[in-house]
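Please walk me through this structure.

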Amino acid sequence: MTSLEPLFAPRAIAVLGASATPGKLGAAMADSLASFPGPVMKVNSGRPEPDRGFFPTVGEAAAAHGITPDLVVSCIPAAVTADALREAAAVGARAALVCAGGFAEAGGDGVLHQQALTDVVADTGIRVLGPNTSGFLVPHRRLTASFVPGAPDLEAGPVAVVAASGGVNHALAFALAEAGVGLRLGVGLGNSLDVTQADVLDHLAEDDGVRAVALHVETAAEGRRLTEAVRRLTDRVPVVALVVGRSDIGDFARSHTGALATSWRVTRTALRQAGAVLVDDERDLVDAVTALSRVRLPAHPRAGVGLVTAQAGPGLLLTDDLRSHGIQVPPLVERTVKELRELLPALTYLNNPVDTGRPSPTITQIVERVSEDPGIDVTAVYGLLEPTAVDLPAALTAARTATPLVAVVGGPVEQARRTRRELGEAGIPCAATPASGSAMVRALVEDAAARTRPEAVLTASDAPTLPPPGPVDEHTAKGVLADLGIHTPVRRVCADPAAAHAALDELGGSVVVKILDADILHKTEVGGVQVGIRTHKELDEALARMPASSALLVEQMAPAGPELIVGVRRDPVFGPVLALGAGGTAAEILGDVSLRLAPLSSNEAHAMLDELATRQLFLGARGATPVDRARLTHVLLALASLAADDAVAECEINPLRVLPDGDVVALDAVLLLRDPRDQGGSDDA
């Protein structure tokens, strides 16, 4: 039993503000709760009518019914909610749903009302869902704690919805019903004053009736607690997440690396790393959980998809969409092709996707043969309903496939809807369009891949000696990197021009001269970096162009090569976040960046480069030497280990240049330390 049992599985319910007047919130809520099998007590302190079942207090209602309500549903104004819930808790109520708005989201007095409600939670231990939500749905318990019309008619099923918004909760519940999928639990969090998404996910982790979870996230104030809840749940049940806020940069632009890691990106990274499947819109969310509620592939790093299509054009749309998302559609082995050639007429394409020409009774055998190919882990079929040619639903349900099956069926609206429901009940996810079918298959493949990722175990690294609190100059920052095993150029710190000339003679070749000032992070912008200096005359000219500085840094020029940006910063919600991006403007303008939460495994660090759109620049494009993946992985893990020190706020290498031999060298480095007064606190707001 979880702490949310009184909320989602109450024995009795009391409605505060219940009304007999149609159109009022309390009347709508009481009507929705009419199907609940336990007592539903009506409480109206302003117009009590015990003879008609309206009591002035929860205590009197409980006495009349002979049972204390576990759940109180509040439909009264914000200003009086806290006092009413305190009285209900004193009687013995253990959970409350607060539907009304007018709390913190409204500002002004609403903030005070929310604080008063927060105090009630702290003082009494009552669990509160909301405020500012349209409620929750538990169809298998005939519990509809919602005032939304049509909600009581939703059917029970295996999918749970955990949404930041009550409106989104209901929208997804209705969309799932349209897809023929019933609801196990649907929750709209509202202001999340007490009950949070992590709380609900932990509750669902102990519910054997849940087969898939749709997670809608607007803000992730819980940070790592949310990701830990997702990780625990995905060990047993797939989670599909839709994160809102793609265009929100927020206040994350304090540094270049920080600007790359917007809150939306970090939240998606955190959920993906925890094992969730990510989608971009609510349509894909419904398709994904529909598929995952019926099928879950075994863990596989890159599952192969076999495609069978009875119509070439739609089949190509499905194939193209899958491949554009990086899903593997491998060629079939010769044995499979030979078996298919015996089943299909000449001129059809046989090597994935398999084109049957038109639907025919042999489609059952064709699907079976494709599913048995050693490179195939899930099989998808597209077909239009042509009853005179073949009974497609019967043919697919009769198939004894070696892999799970996904169907995409088109045809007359009602007939196709019945077919999708029939196949769904047979355990075959069925979509209406190639795009929806692709979303289903991608969800299955990505969920399988997520479960192959090892737990995040940081590779041990010797802890460097950090400088004392305060600004850190480039030379000192590079010394910290060197202690971590990250290569930096040979350099000399020079107190005056004479020392710089001596360093030029000592280092030889071409050098870079920089001002050394911990307070100037962007030296290039103030003319504080001069490159390609070979002679003493060039050095004098360079020094004349540079701003005055108490110290100079002279270092050997590195050979030309492609450049990366690597950084780690302490996100206020999720803690240390590692970023890898392409050098120049690609990372910032194109958003070409890969993120991970630290700590992370070496496999996760190794995979970051493959997520960059510009990865070919670093993998040997046009005959260039590819980056040494092991060295790059070491740099990433070293920065992640540095962030484990609570004193570190941020560290950035920009650029990290790839040398002709594939090694990498940190050409510039910024290290920012936290104020000692800010250390020791949680990054999880």
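The chain exposes about 27,900 Å², and carbon and sulfur atoms supply 52% of that area. Accessible areas come from the Shrake-Rupley method with a 1.4 Å probe, and for residues only the protein chains shown count as cover. This is a predicted model: local features need pLDDT of at least 70, side-chain atom pairs count only at pLDDT 80 or more, and totals for chains, interfaces and linings use all residues. Residues are numbered from 1 along each chain as its sequence is written, and side-chain values use heavy atoms, with hydrogens and water left out.

Start with the overall layout. The C-alpha trace spans about 100 × 75 × 35 Å along its principal axes. The chain has 23 helices and 28 strands. These are DSSP runs numbered from the N terminus (helices: H or I, at least four residues; strands: E, at least two). Of the 685 residues, 54% count as buried. Buried means under 20% relative accessible area, exposed over 50%, and partly exposed in between (1.4 Å probe, protein chains only). Among contacts (heavy atoms within 4.5 Å) between residues at least 6 apart in sequence, 71% join residues at least 24 apart.

Now go inside. A nonpolar core is a set of buried Ala, Val, Leu, Ile, Met, Phe, Trp, Tyr and Cys residues joined through side-chain atoms within 4.5 Å. The largest has 57 residues. Phe136, Leu201, Val213 and Leu271 have the most contacts inside it. Helix H10 (residues 263-274) gives the largest share, five residues. Apart from this core lies another, of 44 residues, with Val240, Leu322, Val329 and Ala448 among them.

Phe136 also takes part in an aromatic pair. Rings of Phe, Tyr and Trp (its six-membered ring) pair if their centres lie within 6.5 Å; planes under 30 degrees apart count as stacked, over 60 as edge-to-face and the rest as tilted. The count comes to one such pair. Phe8 sits in helix H1 (residues 5-8) and Phe136 in strand E7 (residues 135-138), 128 residues apart. Both are buried.

Why is helix H11 (residues 282-292) largely enclosed by the rest of the structure? Nine of its 11 residues are buried, so the helix is largely enclosed. What covers the buried residues of H11 includes strand E9 (156-163), helix H6 (166-178) and helix H17 (434-450). Asp287 lies in H11. Asp287 is buried yet has no salt bridge. A salt bridge is a side-chain nitrogen of Lys or Arg within 4 Å of a carboxyl oxygen of Asp or Glu. Leaving aside neighbours within four places in sequence, Asp287 contacts Ser436, Ala439 and Met440.

Elsewhere, charges do meet. The whole structure has 35 salt bridges. Lys478 bridges to Glu474, with the closest N and O atoms 2.7 Å apart. Both lie in helix H18 (residues 474-483), four residues apart, about one turn of the helix. Lys478 also bridges to Glu555 (2.9 Å, N to O). Glu555 is in strand E22 (residues 552-556), 77 residues from Lys478. Both Lys478 and Glu555 are buried. Glu474, Lys478, Lys514, Lys523, Glu555 and Asp668 are linked in a network of salt bridges.

Technical notes. Lys and Arg count as positive and Asp and Glu as negative; His and the chain ends are not counted.
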